[in-house]
Amino acid sequence: MNADCTNFTSQCLYAGGIVADKVGEYQWYKLNSTWRGANEFYKYWNNNKGFGSTKGLKASKSNNICKNFRFL
C-alpha cells in the first residue's frame, strides 16, 4: 500500500494526543486522503490554521514533520 508511511505517521500523531480535525477547509482524520496521502498530509499541516482543539498545532508541532514530506 502506497500510504503506509503517511498512515503510520498519522497514527503516531493521533496516538500522541493530536485529535482528528473534521472542521474547516483543511481536515485530517482517519481514512481521509489527508491522513494517508503524503501530498495531502503536507498540504493539511502546512496550511491548516486549526479549529477547536487542533488550533495552533501548525506552528508548534508540524513543521518538522512536514519537512520530511517535502520530497514526496
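Predicted model: local features only at pLDDT ≥ 70, side-chain atom pairs only at ≥ 80, totals over all residues.
The side chain of D21 makes a polar contact with the side chain of Y44, at 2.7 Å. D21 belongs to the loop between α1 and α2, and with a relative accessibility of 2% D21 counts as buried.

Let's step back for a moment to see the whole chain. Of its 72 residues, 33% count as buried. Among the contacts with a separation of 6 or more, 46% are made by residues 24 or more positions apart.

How many aromatic pairs does the count come to? The count comes to six aromatic pairs. In one of them, the rings of W28 and Y44 have their centres 6.5 Å apart and their planes at 25°; planes under 30 degrees apart count as stacked, so this pair is stacked. The pair links distant parts of the chain, since W28 sits in the loop between α1 (4-15) and α2 (33-36), while Y44 sits in helix α3 (residues 38-47), 16 residues apart. Are these two residues buried or exposed? W28 is buried, with a relative accessible area of 0%, and Y44 is buried too, at 1% relative accessibility.

Y44 has another aromatic partner in W45: this pair is edge-to-face, with 4.8 Å from centre to centre and 90° between the planes. W45 is likewise buried, its relative accessible area being 3%. Taken together, ring pairs link Y14, W28, W35, F41, Y44 and W45 into a cluster. Another ring has a charge for a neighbour: the charged end of K22 sits over the ring of Y29, 5.2 Å from the ring centre.

Which residues make up the largest nonpolar core? The seven are L13, I18, W28, W35, F41, Y44 and W45. Helix α3 gives the largest share of this core, three residues.

The background is simple: an α-helix has 3.6 residues a turn, so residues three or four places apart point the same way.

Our last stop is T34, in helix α2. T34 is buried, with a relative accessible area of 10%. The T34 side chain reaches the backbone oxygen of Q27 at 3.1 Å. Leaving out residues up to four places away in sequence, T34 touches S10, Q27, W28, E40, F41 and Y44. That list brings us back to W28 and Y44, the stacked pair, and to Y44 as the partner of D21 in the polar contact where we began.

Note on methods: Residues numbered from 1 in each chain as written. Heavy atoms only, no water. Phe/Tyr/Trp six-rings, centres within 6.5 Å; stacked < 30°, edge-to-face > 60°. Helix = DSSP H or I, 4+ residues; strand = E, 2+ residues; numbered from the N terminus. Buried < 20%, exposed > 50% of the residue type's maximum accessible area, 1.4 Å probe, protein only. Lys NZ or Arg CZ within 6 Å of the ring centre and 35° of its normal. Core = buried A, V, L, I, M, F, W, Y, C linked by side-chain atoms within 4.5 Å. Polar contact = N/O pair within 3.5 Å; in protein donor to acceptor, adjacent residues only side chain to side chain. Contact = heavy atoms within 4.5 Å.
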